Every structure is written in structure tokens, then in C-alpha cells.
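Thanks for coming. I will take a few minutes to walk through one structure. Please look at the screen while I talk.

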Amino acid sequence: MTALALALGAVLAALVVVFVARPFLREPAPVSDRLDEQGAVDRLRLELLEERDRALSALKELEFDHRTGKVTDDDYREQVGPMRRRAAETLRALEPRAEPRAAQVGSGR
Amino acid sequence: MKRSPARLVIALSVAAVLAVFILYTAIAGNATTQLSPSALRGATGHVALIGMVVGKPTGDSHSVAGMRFRLKDVSGTSSARVLVDYHGSVPDLFKPTAHVVLSGRLQNGVFVADNGSLVTKCPSKYAPANSKKT
Amino acid sequence: MAALGRVALLLSFGLVAYALVAGSFAAYTRRRRLALSAQNALLAAFGTTLVAAGVLLSALARHDFSFVYVAAHTSRSLPLGYTLSAFWGGQEGSLLLWLVILTGYAALAVWLNRRSRELIAWVVPVLGGVALFFAFMLCFVSSPFGKAVAPADGAGMVASLQNPYMLAHPPMLYLGYVGLTIPFAFAMGALLSGRTDERWIVATRRWTLAAWTFLGVGQLLGAHWAYVEIGWGGYYAWDPVENAALMPWLAATAFLHSVMIQEKRGMLKVWNMVLVALAFNLSILGTFLTRSGVVNSIHSFSQSPIGGWFLSFIVGCVVFSVVIIYLRLPLLRARTKLESLVSREATFLYNNLLLVALALTILWGVMYPLLTQAVTGETRSVSKPYYDFFLHSFGLPLLLLMGIGPLVAWRRASLRALGKTFIIPAVAAVVTGVALIAVGLGSSTPGLLAYTFSAFVFASIVLEFTRGTLATGSLWRLVGKNRRRYGGYVVHASVLLLAIGIAGSSAYQTIRERGLKVGQSMEVAGYTLTYRSLENTQHSNSQSTSATVDVTRGRTHVATLHPGKSFFPVEQDFGNDVSIYHDPRNLGDVFTIADQFDKNGTLFLKVLVKPLVNLVWAAGVLFVFGSLVALWPDAVEQRRLAQRYEGAAAART
């Protein structure tokens, strides 16, 4: 029984070693072994995307809350303008031509 | 830009919580001391007694006279024994060598337990096994 | 075959050690192939751990008593289901279950997120590190594969564990406990990789919700088991083992709420890191408390050797979390501020503070005996009054907040708007309160408050659904477009049921004990119970003695109950067989316990009448339903998120 157990164990060990070594076996001489690095530009872009999504969803929620009566007409009028502007800002900041305007976007009013 | 009130809120809340807490422990302070039979000698006041049952219990816990049994320390070599006077429900696991907890007072050398406060423990097995009042 | 189990566990140990060491090195030096190799090691560890688990399961099924573990926890006459459940009945087996679930979750989480290579590169070593502890314990301290000369029969299973709820309760709890490791690993991974985006939250949102649900259901199953099997008439005793699961659950509840704020407003980044670390560390502490016997209370007095190891591990994890969060503090600076103390963000913040305060006071209560022993040499402990006080102080405001939160707008709510939205729920609350006092239920202040607040919350939830349906045109569309919010409301409703059930069955219960001879009756809260006869029955592995008791309400006979006791000869163990009548009229129970059968024929019967207690269990069902709704994948949202994260990568020139 123990002989069988140890044999199975050896097989298991062999399988495991192969699996762990697989990335090296498949690419013995790769073009690049660099783990993708998120540069400063990427990081900023991701933040801008998240800002955009946040601004858009906040606007949607304001509309919904207004429709369901949680936000009064007065409050809605007061908030919707700045919110729309903010959403527009985040969309502009993502345009491919423009430099990411970090300073402006970071104001988070 | 205005300073965020968030920090103020957190600080005040933490203070409020601590205040509630301190108030409680100062006024009610319901901590009970846990003692084993060897430490029980001379103890005054309401305590929790932890021990192992030795010998056969006598009497009926549901009768006026109550049930009596002896406890010794759960671990260690102390020869201290205490006689317990108990009324109330007796859990199923109660028997000689069971580990038990009771609350009560030491009166004239006998530990008079609170009615129904007898709880048995399940030594080293996975599940709690006890019966006690809510 | 035990040798195979040992080898498999040693392989697991080696693999997770590799995942930790090679993974950290690879992430730090940015080596792609090495990172992938470490990832593979973590995946392979699941395979090897599964093999070890298989060996143990097969030994159990075959009644192989040469395995010390099998001999200690099962016997030949034990039904198969319980025999298999002995897998997690002992310390070694439950550690193995932890590792199986952890490696399984780790494999799945890493696999699903394999494209976020930078994040995963750091998540892998964190998961490897946690797994390493358990693998180490299993290989070198507490192995399930110890062998000895096989006895003729095993020691059997403790009677109280032979119950269907015990088949589900531990695995559920573990699926919850272990599940909290995943968001922790992703959070630490995000910090270690220096990322500032919300990807880790998006990736783990459903994990957290699922783990939290499992933990909640696991606790309810445990409570139900205690109720019907241990049978003292209650379902929660503030025992350290019970608190061990409650504390991480409370922290996870706080985390679930505050992550929403981070997603919507970009605030509370540091707080979220602290919360996820707290939830994880409390879950390890929970495992430690349940398994090591270090805190004297219901569980055991004997101290297990694993206590010291666990404590070191917890300290290590706490130090690690604190250091990493501290070092990465600059990255976590929030851009937005809390605008108003009257806003949904603020109510979430209050909710968080109350939840964490409750978790910490419970922690204090659990640790108190250890602390007093260490500091003064004398052990002091706290009990029910302590916990009840804080449950009321923090729990009741939490209940009310559940109703207030949804009614308040984001950013800032004007008091006028609040006035409008609060009117109906407030009226509902006041009316309920007055009605309850009129009916005579004013006797318990916490109970009354619980009911009144519940009315408020219930009204606010109904209003949310009504207003929402009117605005979108259909309930289906409403929920479909906003699964998290409305699933969340359903979960809130389940918490409501829980609160009402708890209030009814504790604040308004009646308890009586009487010695009865055959033919005699007793009266409790409008029910009459009559002792009719005594029976002795033989079962497959037990003998039981039970009393037949008739229950009438007024003149109508409503039930025949059979409270009694069972004796299990193999284990030399007694079991308590309570008998319960579920009264549909008040959703409550008439709970009977046969305390003692006297030699002269007297039955000492204890009866508890617990109104509304069945709401506690109903809450569990609604809880699962609400969580499923909140968890349900949303195709539109998935696409948007995929675009966001792939889009960022694609834009790279």
C-alpha cells in the first residue's frame, strides 16, 4: 500500500514540477520577459476613466433620485448644472488629442 | 476648499463610543471572576466556579434539598475539593469527570450555586455542548 | 494511502512557499515568466491539496481506523453522511478544509483575473503567504494523516454533532471565512503594486458579497443547530466561538457599504484598506478562537498546541497590513471630501462606525478573560448583560440607519427634502409604537424600539420600491437595472425580519418549569401542556426516552410533542431531544425540554414560549435571495468595466 502511495506521490510531484516550470519550457528565449508596467500615462488615463464613470453615474443617480422624489426640484436645479459641467470636463479630459489635464480634473468639486 | 468634516465626525463618534463604553463599565461593570476550587478558599462575592466533577452526585436538583456534588481543579495537582449545592436544570453531559461551570457564592465552606447556572463543557471536541438559560 | 496524503500536503507546502517567494521576487523585479510560474504553483497547490482531501475522505468512507483521525471521530455504526462530515469535525481536518477552500478560491480568483497581470503578480504571493501558514500547520504541527494500530471500532461522533445542520454549518462558515482572504489579498496586492485605481474593488466585489453571505448563512445555521440540538431554548449565547464568526461578519458588512462610497465618490480609500484588513484578520482570529480552545468558555479548557502558532500568524498578518497601508498612504489620498453631514455618504460613515464599534466591543468581551489573566493573574469574564447592552446601544441605531440611508440623497440632502421623504416612514413608526403600547407590549423598551424602528425601515423600503417602480415603469426593469441597490434593500428587509424575530423571542418570551406526573398539566402564556405518557425507543445507534405531551390553546388541541433524551452507547454520550411546536398564528414556537425523568415517574418539563422566533429563520431565506439579486451579473455593467480596463491598456501606444 505504501509503495503504491509513494509511487502516486512521485507522479503527482512530477506533474506539479512540470506545471510550475511550464512558462519557462514554453518560452525558453522570449522576446521580452518584462511584466507589463503601468506607466504614469496609463495610470492617469485609468483615473480619468474612473472619474468619468463616476461623474456620469452620479448624474444618472441625480436624475433618478429627482424622478422618485428624493431630491426636490430646488435641490435638483441647484445640483444638476455643476454635475453636468463636471461630466463634460471628464469627457473632454479623455479626448485623444488633448493632454490629460490632471490639474483641472483633480478638483473633484 | 473647506476642510472635510469627515475627520471631525470620526473623532466625535470614537469619543462617543468610548464614552458609552466607559459609562457602562463604570456603572454596571458586570465582569465576574472565574475561579477554580483551589483558588476558591476565602473568596467572597459572586463568582464563577470552574471544575471537574468527582464522585457521584447525591440528591435531586429539582427537590427542595437540591443536589450535591464535589469539584476539583480541571488541571494541575491540587487536592482541593469543594462541595457544591445546586438547584435547577442539569445538563445531559453532567456526570463524574465532566468539566462544569457554575455561578454562585461560597457560604460556610459550601459553594451555593445560582439556580440553573450549571453548564457542562465538551472537552476538546469540536462542538459546544451545553444547556443553559438564555 | 496516508503516505500519499502526507506527500500531497508536502507538495502543497512547497508550492505555496514557491508562490510566495518566487512570486514576490517576480513581482518586485518584474519578471513575467517567473510571475506566471508562481501563479501556476498556486493553481497546482489546489490540485495537491484536493488529493490530500480525497485521501482523508476515502479513509473516512472506508472506516479505515488505522488513521488516528478516523478512529477518533467516527464509528462503524455512524451513518455515512455524518461519517463524511467528520472531515471537518476535528482540528486537523478543519485545517485541511481551510486549505482546500483557500487554494480553490485562490485558483479561481487568480484565473478569472489573469489578464490584470500587474495586480495578480502581487496577489499571488499574498495568497501564497496565507496558504503557507495552513500548509505548514498541516505538514508539521497538526497532521490528519497520523497512523496507529487500528482499533476494532472508532470513538464515534459526539451526539450533538449528529444533526443535519452540522453537515452544512461548518463548510458554510469556512466558505465565508476563507472568502474574506480574497479581497484582502487583492487589496494588499493593489497597494504592493502601487496602483491607485479601483480595479481591486471591482475584481473582488462579488467575492466579498458571496463570502459575507456564506458567513451570515453559516451563522444562522449554527444558531438553528444550537436551538434544536443543544436545546436550551435559545439560539445565541455570546459564546466566544459564536462571536468568532460574528466579528468578521460585522467588519465585512461595514466594508461592503464603504466600498460603495469609494466607487461612487472616490473617498475613504484608507478606511477601506483598514476595513478589509480588519475583516480578514478577524476571520483568522475567528478560526483561531474556534480551534485553539484558548478562551475558556463553552468550548474546552484544554489548550491546544496550535494556539501559539496561530497567534504568531495573526500578529504577523496585522503587522504586515499596518506596514503596507502606512507605506502606501500617499497613494491613497482622496480627492473628494465629505460635503455634508446630512448625505448618504455620511449615513454610510455612521453605519460603518457603529458596526466597527460593535465588532470591537465584542472583541473586547471575548479577549477580556485573557487580558485580565495576563495583567492581574485573576480571570474575569463578561457575559450576556455586557453584550446585550452594546447590542442595544449600537444595534438599535444601526437598525434605524438602515431606514434612513436610502432616503437621503448623495452629496448633500436639504432638510426640506428630508422632511418630505421621512414623513411616511416616521408616521408608520409612531403609529406602530402607539399601537404596540396599547396592546401591552411596552414592557420592554429595547423590544419596543426595535419594533418601532423596524416599522420605519419597512416603510422606507416599501417606498423605495414603489417610487422606483413608478419611475421606471416595472419592478423587473427597476431591479434589473440596479441589482445591487435593490438586492441590498431585500437584504435590509431580511435584517428587519431578523431584528423583529430576535426582539419578539427574547424581549417577549415566557419561560416556565414544572414537575408533572402523568395526567397533570401546566399553563404557559395561553397554552396548556398535559403530560400523557412515557416511551422508550431503539434507533440505529441510540436509545431514546420520550414523553408524550399534548398542547392545547384554549379548547383546541394544536400539537402533540415528544420531548426526551437519547443515549448513544458507542460514544457513551447523551443527547437532548427537544420538541417544538411552530404556531402559525404568532410565528412563534412552544419549545419543550424534558429536563429530567424521575425514578418515581415525575417529568420535569421546561417550556419556553417564544413569539415571532420563526422570523429569524425566514430572515435567512430572504437574506440569501437578496444577496443573489445583488450578486447577479449585469451584462451592461460588465461590458462597461471591461472597456474601462481594456481600454486603458489599448490606449497605450
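Start with chain C, where the centres of domain 1 and domain 2, taken over C-alpha atoms, are 40 Å apart. Before going further: this is a predicted model, in which local features need pLDDT of at least 70 and side-chain atom pairs count only at pLDDT 80 or more, while totals for chains, interfaces and linings use all residues. Residues are numbered from 1 along each chain as its sequence is written, and chains are lettered from A and ligands numbered from 1 in the order in which they are written.

In chain C, domain 1 covers 2-254 + 265-328 and domain 2 covers 510-610; the bounds come from an automatic or database domain assignment. Where they touch, domain 1 of chain C contributes 13 residues and domain 2 of chain C contributes 14 residues. Contact here means that C-beta atoms, placed from the backbone, lie within 7 Å.

Next, the sheet. In chain C, four strands make an open sheet, ordered E2-E11-E10-E9, with antiparallel pairing. Strands are DSSP runs (E, at least two residues), numbered from the N terminus, and two of them pair if DSSP finds at least two bridges between them. E2 (510-516) and E9 (579-583) of chain C are the edge strands with a single partner strand each, so one side of each has no neighbour in the sheet. Strands E10 (588-597) and E11 (603-610) of chain C are antiparallel and joined by eight bridges. Within E11 of chain C, C:Val609 sits opposite C:Val590.

Last, the chains. Two pairs of chains are in contact, and chains A and C share the most contacts. Chain A and chain B have no contact, and their closest C-alpha atoms are 9 Å apart.
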